[in-house]
Amino acid sequence: MASRDDGTRADHAVRLVASDLDGTLLGPDATVSDRTRAALARVRQAGIVVVLVTGRPPRAVREIATRAGLGGLAICANGALVYDLDADEVATSSPLPAPVGARLVSELREALPGVVFASEDERGFRRETAWAHRGLAQADEIVHADPLDLVAEPVSKLLVRHPELRFSDLVERIRVLAGDEAVVTWSGVGLAEVSAAGVTKAYALDWVCRRLGIASSEVVAFGDMPNDLPMLAWAGHSVAVANAPEGVRMAADEVTASNVEDGVAVVLERLVQPA
């Protein structure tokens, strides 16, 4: 795709900006900087749609969106949910089927003794008793003695970790067992995230853009982790922040400054500057 020297696209106007949150749009303390908030406002005033795209559930996105001055649609749970911020309701969902979740829990427990599980769905955060919080505790969490109860119904995503196994080995084992029935990714080392087959941030972003009549070539996407890779590949122009792992930076069309240095704002400001 043709690009100008400053990294923005020359052959299509930008109509939608899609941005990951943690490690990308947000600072290390999960806040939205004044510079980023101002840049988002300028982009929206220019008529460009802004869509937050995150692994977080809707309840964790509402407050962030308010602080950022954003409404409209947000993509949550790595694409399993599209949430309408204005109506405070889920617009569409693509959950992991209960039989697939139950199979994975059963087979992983047998293959990897000590593995622990949690799940996210529209009802909230659920975990088995052995799940250590590590910052993921929720005030409204539900604890189950039997991890199979976590997937008795479809879930937005199944969360998996192991206290001793090397993370790359855990991910590979889950992928082998999942086959073509689920997608396995991660947004932070140590925690594997399992979604329904074909469900990624790109899958949900495509749904949103079709609804809005926006082509992928008219989208700029920002990310920092492996769960952002499908979205970065789908968008017409992809931007990784400097703090992203090398594999993500290499996959992007452009690398901006880190999230600490308002890397997303740097690009947004460029998008709306006078020609």
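Guide: Let's begin with a helix pair: from α4, Arg 103, Leu 104, Glu 107, Leu 108 and Ala 111 meet Arg 173, Ile 174, Leu 177 and Ala 178 of α5. Contact here means heavy atoms within 4.5 Å. Helices (H or I, at least four residues) and strands (E, at least two) are DSSP runs, numbered from the N terminus.

Visitor: What classes of residue make up the contact of α4 with α5?
Guide: Six are nonpolar, none are polar and three are charged. Ala, Val, Leu, Ile, Met, Phe, Trp, Tyr, Cys and Pro count as nonpolar, Asp, Glu, Lys and Arg as charged, and the others, Gly among them, as polar.

Visitor: Before we go on, what sort of model is it?
Guide: This is a predicted model, where local features need pLDDT of at least 70 and side-chain atom pairs count only at pLDDT 80 or more, while totals for chains, interfaces and linings use all residues. Residues are numbered from 1 along each chain as its sequence is written, and side-chain values use heavy atoms, with hydrogens and water left out.

Visitor: Good. At what angle do the axes of α4 and α5 cross?
Guide: Roughly 130°, and the axes of α4 (residues 98-111) and α5 (residues 167-178) come within 10 Å. That makes α4 oblique to α5. Axes are lines fitted to C-alpha atoms, for helices over the stretch in contact, and angles run from 0 to 180 degrees between N-to-C directions. Under 35 degrees counts as roughly parallel, over 145 as roughly antiparallel, 65 to 115 as roughly perpendicular and the rest as oblique.

Visitor: Is the crossing of α4 and α5 left-handed or right-handed?
Guide: Right-handed. A crossing is left-handed if the near helix is turned anticlockwise from the far one by less than a right angle, and right-handed if clockwise.

Visitor: And how do α2 and α9 cross?
Guide: Helix α2 (residues 34-45) and helix α9 (residues 263-271) have axes that come within 9 Å and cross at roughly 30°. That makes α2 roughly parallel to α9. Their crossing is left-handed. The α2 side of the contact includes Ala 39, Leu 40 and Val 43, and the α9 side includes Val 266 and Leu 268.

Visitor: Switching to rings: how many aromatic pairs are there?
Guide: The count comes to one; rings of Phe, Tyr and Trp (its six-membered ring) pair if their centres lie within 6.5 Å, and planes under 30 degrees apart count as stacked, over 60 as edge-to-face and the rest as tilted. The ring centres of Phe 167 and Trp 186 are 5.5 Å apart with planes at 90°, so this pair is edge-to-face. Phe 167 belongs to α5 and Trp 186 to strand β10 (residues 182-188), so the pair ties together parts that are 19 residues apart in sequence.

Visitor: How do β10 and β11 pair?
Guide: In the antiparallel sense, over five bridges, with β11 spanning residues 191-196. Val 183 has Ser 195 in β11 as its bridge partner.

Visitor: Last one: what's the order of the eight-strand sheet?
Guide: β5-β4-β3-β2-β1-β12-β13-β14, open and with mixed pairing. The edge strands are β5 (89-93) and β14 (254-256). β4 and β5 form a hairpin with four residues between them, and Asp 88 in the turn has a positive phi of about 55°.

Methods: Two strands pair if DSSP finds at least two bridges between them.
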